[in-house]
Amino acid sequence: MLTTALPTRTGEHFAAIDLGSLTNLDRFSFQLPQHDLQADGKVFLKELLHLTGAEISLNKLPAGKSLPFYHKHQVNEEIYIFIRGAGEFQVDGTSFPVQEGTVIRVDCEGERCWRNRSTEDLYYIVIQVPTGSCNQSTTADGVGVAKPVQWVDE
């Protein structure tokens, strides 16, 4: 649920949105019906950007808070990219510290949970993709375009 309307800029081959400062992620929330909880500080980008191959969320976990349940997935592996703050992550009973620069991949079957053990908010990005769906390297997929770079204001 968005508490404010966000305009999405679109073109034939793109969609873009400005979510504002990460410190304001509290204005986004969603309902977790299976746990009868509302999660604040989380925004999913799939619908906003019309994503077709991944789900991405931007997240803020307040100081001293923990995800109140374990979860796993049926199809998607998840990649967690921690961009600010410090905390602790747990997968299948193994706990380890996380901080700015920590990146974690969790198989869909991995039971995961995390918490913020610091006095500052913990910010992270989560990318969900179907397990086994990336069959090539990104450099093999990229194709150069033979034209000079030009900017509209030049």
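Author: Two strands count as paired when DSSP finds at least two bridges between them. Keep that in mind as we go through this predicted model.

Reader: What makes β7 and β12 a pair?

Author: The bridge count does. Eight bridges join β7, residues 76-84, to β12, residues 122-130, and the rule asks for at least two, so the two strands pair. They run antiparallel. One of the links is at Asn76, whose bridge partner in β12 is Pro130.

Reader: Which strand is joined to β7 by four bridges?

Author: That's β10, residues 103-106, and it also runs antiparallel to β7. Four bridges again meet the rule of at least two. Look at Tyr80 here: its bridge partner in β10 is Ile104.

Reader: What holds strands of a sheet together in general?

Author: Backbone hydrogen bonds, in either a parallel or an antiparallel arrangement.

Reader: Which residues touch the most other members of the largest nonpolar core?

Author: Tyr80, Phe82, Phe89, Ile104, Val106, Trp114 and Tyr124, out of 18 residues in that core. The elements giving two or more residues to this core are β3, β7, β8, β10, β11 and β12. The largest share, three residues, comes from β12. There's also a second, separate core of ten residues, with Leu6, Phe28, Leu48 and Ile125 among them.

Reader: Which residues is Ile104 in contact with, leaving aside its neighbours within four places in sequence?

Author: Glu78, Ile79, Tyr80, Phe82, Phe89, Phe96 and Val98. To count as a contact, heavy atoms have to be within 4.5 Å.

Reader: Why is Asp26 with Lys60 called a salt bridge?

Author: The closest N and O atoms are 3.2 Å apart. The cut-off is 4 Å, between a side-chain nitrogen of Lys or Arg and a carboxyl oxygen of Asp or Glu, so this pair qualifies. Asp26 lies in the loop between β2 and β3 and Lys60 in strand β6, so the pair ties together parts that are 34 residues apart in sequence.

Reader: What makes Asp26, Lys60 and Asp121 a network?

Author: Salt bridges link the three of them. Asp121 also meets Lys60, at 3.5 Å from N to O, and that is within the 4 Å cut-off. Asp121 sits in the loop between β11 and β12, 61 residues from Lys60. With a relative accessible area of 25%, Asp121 is partly exposed.

Reader: Where do Arg112 and Glu78 lie?

Author: Arg112 is in strand β11 and Glu78 in strand β7, 34 residues apart. Their side chains meet in a salt bridge at 2.6 Å, N to O, and both residues are buried.

Reader: How many salt bridges are there by this rule?

Author: Seven.

Notes:
Residues are numbered from 1 along each chain as its sequence is written. This is a predicted model: local features need pLDDT of at least 70, side-chain atom pairs count only at pLDDT 80 or more; totals for chains, interfaces and linings use all residues. Side-chain values use heavy atoms; hydrogens and water are left out. A nonpolar core is a set of buried Ala, Val, Leu, Ile, Met, Phe, Trp, Tyr and Cys residues joined through side-chain atoms within 4.5 Å. Buried means under 20% relative accessible area, exposed over 50%, partly exposed in between (1.4 Å probe, protein chains only).
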